[in-house]
Amino acid sequence: MAEAKLAPEEREAAIVRTSAVGIGANVVLAAMKAFVGLASNSIAIVMDAVNNLSDALSSIITIVGTKLAHKQPDHEHPLGYGRIEYLSATIISVIVLYAGVTSFVESAKKIVSPEVADYSVLTLVLVAAAVAVKLILGRYVKHQGERTSSDALVASGSDALFDAVLSASTLGAALIYIIWGISIESWVATIISVVIVKAGIDMLRDALSEILGKRISGDLAHTIKETVREDPDVMGAYDLLLHSYGPEMLVGDIHVEVPDTMSAGQIDEMTRRIQAAVFHKTGGEVVLATVGIYSHSSSGQAAGIEKQVTEMALAEEHVTQVHGFHLDCENQLITFDIVVDFDAPDRMAVHDEVLEKVRKAYPAYTVRITLDSDVSD
């Protein structure tokens, strides 16, 4: 959860402003490195210039994506356009990946057909200045990305910090050549290309993970569940499931266990309290659209059977939780949910094993078990 969460307009302005700074800095660096690289016949510096151009293009895409993502919800997309930011991050990662592959091909050609570079004092000074600029730019952009919850900015900032290290390596190659007469800049350029490719792959994996729907952070899950449990009528909170509609909008549901003596009116009041509490606690980031109900039986018989059933279920490997237990004595029915972790080779087989054990223990009852996924901590 962000501290002092920005309003949508402020967030958009901050992202656009930061991206504009990135565009200006990268265009200047690219032009400078291209000039120096061509003048000194250094493939490593030229490849570094190409990388700066890809960074500038990434910043342009970040601006366009942010503008589109902040469009107001409409009939076609009632939950807004926030997910466009994930698409922007995907496009940026592909650009970085393409730049890395292209640089690798050109660098490999220079290894096969090497050309001697001619470094001057001016060349070394300009490359050193580029390293300093990239370090400052990377820290600034990454900080702004974390402040605004922008994955695209965080990725761009991290990439800029990588670039500073890569530019420093070209400077090191130049010094080695000047001092010892050993030319390794084509190999350095190749290493730079490999690092860029890896960065692109990592960025693409993260962006696709967001689009697919990755697991929410454990800290956020614990915060929401603890907030829900603080309500005086709640006996337990389970089945938290959130869907991301942008970096700052999570919509989902949760189930709570309440005494079976509560009236519909009391449950309605509790539900509204829970939704408001979570929304406030998360700074408006999380909206609980639905609060499901598990009825907790107050009878002594139910408590005894629940204890035994819970022990039987948890004794089974891969069962991490039992909840939602309900005993219907009139209809001779036992119902409950089990959570089976994703490490189980066959989750349904675990369900069936627990079902068989409980049926044997209580042959007079019909037993129904809901198999839940381990969707949050």
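Let me start with a term: a residue is buried when its relative accessible area is under 20%, exposed when that area is over 50%, and partly exposed in between, using a 1.4 Å probe and protein chains only. Hello everyone, and a word on the model first. This is a predicted model, in which local features need pLDDT of at least 70 and side-chain atom pairs count only at pLDDT 80 or more, while totals for chains, interfaces and linings use all residues. Numbering runs from 1 along each chain as its sequence is written, and side-chain values use heavy atoms, leaving out hydrogens and water.

Now the overall picture. The protein has 10 helices and six strands; these are DSSP runs numbered from the N terminus, with helices being H or I of at least four residues and strands being E of at least two. Its C-alpha atoms fill a box of roughly 90 × 45 × 35 Å along the principal axes. The radius of gyration is 28 Å, whereas a compact globule of 377 residues would have one near 21 Å. That radius is taken over C-alpha atoms, and the globule rule is 2.2 Å times the number of residues to the power 0.38. Of the 377 residues, 46% are buried.

What about contacts, meaning heavy atoms within 4.5 Å? Among contacts with a separation of 6 or more, 70% come from residues 24 or more positions apart.

Let's zoom in on Ser193, in helix α6, residues 185–212. Ser193 counts as buried because its relative accessibility is 0%. Setting aside neighbours within four places in sequence, Ser193 touches Gly100, Ser103, Phe104 and Ser107.

Next, the aromatics: the structure holds three aromatic pairs. One of them is Tyr362 with Tyr365, edge-to-face because the ring centres are 6.3 Å apart and the planes sit at 85°. For the cut-offs, rings of Phe, Tyr and Trp (its six-membered ring) pair if their centres lie within 6.5 Å, with planes under 30 degrees apart stacked, over 60 edge-to-face and the rest tilted. Both partners are buried, Tyr362 at 11% and Tyr365 at 13%.

Finally, backbone angles. Most residues other than glycine have a negative phi. Which way does Asp239 go, positive or negative? Its phi is positive, near 60°. Asp239 lies in strand β1, residues 236–244, and is buried, with a relative accessible area of 17%. Gln332 also has a positive phi, near 50°. Gln332 sits in the loop between β4 (319–328) and β5 (333–340), and is partly exposed, with a relative accessible area of 30%.

Terms used:
Contact means heavy atoms within 4.5 Å.
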